[in-house]
Amino acid sequence: RSSWLLLAPLLTPPVPVITAPPCSLCSEGAHRFQWIRNLVPEFGISSSHVKVLSSPAEFYELLKVQIKTAKQRVVMASLYLGTGLLEQELVDCLEETLEKSLQAKGSSNLRVSILLDYTRGSRGRKNSRTMLIPLLQRFPEQVRVSLFHTPNLRGLLRLLIPERFNETIGLQHIKVYLFDDNVILSGANLSDLYFTNRQDRYVLLQDSPEIADFFTELVDAIGDVSLQLQQDDTVQMMEGMVHPYQGDKTAYCEIANRRVMEVINSARTRQELLHAKTFHSSQQGSSLLSQQGSRASGGLKPEPDTWIYPLIQMKPFGIQIDEMVTETLLTEAERGARIYLTTGYFNLTQAYMDLILGTRAEYRILLASPEVNGFFGAKGVAGAIPAAYVYIEHQFYSEVCYLHQQERVQLQEYSRAGWTFHAKGLWLYLAGSDLPCLTLIGSPNFGYRSVHRDLEAQVAIVTENKALQQQLHREQEQLYLCSGVVSSSTFEQPSRYVKLWVKLVTPLIKNFF
């Protein structure tokens, strides 16, 4: 039975691979990345609005504080909401804040929008849906819960694949948590492990209304093409919307593409107009300053020293922005540059592997040792997944050695007793620099699933500010501090033994985990 289950996802049609278009970078500092604004909106902010968090506990406490102080909106996108006591405390915070909002004004201005994955959020008798239904029942006008269902899970495939295994076909994987004008970008889900001992990455963008508006609109757009949770635990589509697995797949994907691209393009236009207006004002301010002295500058906003670029990847809808930007960054990184890349699940796409092995920059790739892999100790077939990752890692390391690239491309394994590892993203250090000027942070794992199957979002943060660069550098150092360098002897350890059946099956199923 389990062998059939492993092969079941292969019934879905393959997706063709594309490569990023050629794109040249400017030569000077952080501004060399301004080409990204040709694809997505560019948000210029002050580095003082960016705070890098380091621990699950800090992330959890921040979520609670932000929920309790929210006045206008709470928007949370995650794979799922867990069912433990810590998660219930978050729901209680939401209920308390909604209640206060109602009491203060009689009719609440506060809106709560939650986007989760349908298959993961419906798993088990007690699940994300049952956790949130009391909120829907008590605050029907203020609360919206959307459950995204991939259009690729339909027909006979949907009937045959059981719970858990149906999650291999495609998921809503975006993790964004925003409260009024404050936005948290992370790879962490809303589950107790991510609040206690599952290491991830987290960044807070404070007082950033334009960025908050963008992600609110993005979550709304995905929500509009998702199933809406009802008070009786049923689900239904919005009126007039094509159904993701009962309706026409092409029509559904076209509508979804149009909704998401409208958000991206309208925000891009808004930011371009704002940029032009700001530039014009600063020019006027400069001439006033030269004529009237420094008093004229008092009302001007400080020039931004940090730029935020949202990178969206939704291959089921034909949206491949994150893939294009990531491939271009890897392609254009010059000799002497260093890229620190981390993923909780080392299963890079062939395109990313080819770029890492064929380009000039130095790479330090951080991945989970088997013991800190989220599937370690799992029951059934899932228990073999850490061994499959070891096999993939060994194959990649062998290729590095075959090409004599061990000095330039180094693998490091995260290991920490009692913890699991889920951090993903990258830090880019330009040649000759001891500090990173760019980081990618969000939900993608750089694997096939992230590129082809799931809905993903991350941001590129580009900064000229030394204090923020130091924050990002410390974050990178703290993660890599818990790691050991991979060598040939790593794979000779008894814990790295991979059974023959795992080696045979891994090439068939590697695109599904």
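Is Arg164 buried, partly exposed or exposed? At 46% relative accessibility, Arg164 counts as partly exposed. The cut-offs are under 20% relative accessible area for buried and over 50% for exposed, with partly exposed in between (1.4 Å probe, protein chains only).

1. Basis. This is a predicted model, in which local features need pLDDT of at least 70, side-chain atom pairs count only at pLDDT 80 or more, and totals for chains, interfaces and linings use all residues. Residues are numbered from 1 along each chain as its sequence is written, and side-chain values use heavy atoms, leaving out hydrogens and water.

2. Arg164 sits in the loop between helix 6 (155–160) and strand 6 (176–179). Helices (H or I, at least four residues) and strands (E, at least two) are DSSP runs, numbered from the N terminus. Phi of Arg164 is near 80 degrees, a positive value in a residue other than glycine. Phe446 also has a positive phi, near 70 degrees. Its loop runs between strand 19 (438–442) and helix 13 (448–453). Phe446 is buried, at 3% relative accessible area.

3. Main core. A nonpolar core is a set of buried Ala, Val, Leu, Ile, Met, Phe, Trp, Tyr and Cys residues joined through side-chain atoms within 4.5 Å. The largest one has 112 residues. Phe33, Phe215, Met314, Ile365 and Phe396 have the most contacts inside it. Helix 12 (residues 385–402) gives the most to this core, nine residues. Domain 1 (30–42 + 304–511) and domain 2 (44–266) both contribute, so the core lies between them. The domain bounds come from an automatic or database domain assignment.

4. Helix 12 against helix 15. Helix 12 and helix 15 (residues 500–509) pack at about 75 degrees, with axes 9 Å apart. Axes are lines fitted to C-alpha atoms, for helices over the stretch in contact, and angles run from 0 to 180 degrees between N-to-C directions. Helix 12 is therefore roughly perpendicular to helix 15, a label for angles of 65 to 115 degrees. Ala387, Ala388, Tyr391 and Ile392 in helix 12 meet Val502, Lys503 and Thr506 in helix 15. Contact means heavy atoms within 4.5 Å.

5. Ser208. This residue is in the loop between strand 9 (202–205) and helix 8 (209–224). Ser208 is buried, with a relative accessible area of 2%. Ser208 touches Ile45, His49 and Asp181, not counting residues up to four places away in sequence.

Key. Parallel < 35°, antiparallel > 145°, perpendicular 65-115°, else oblique.
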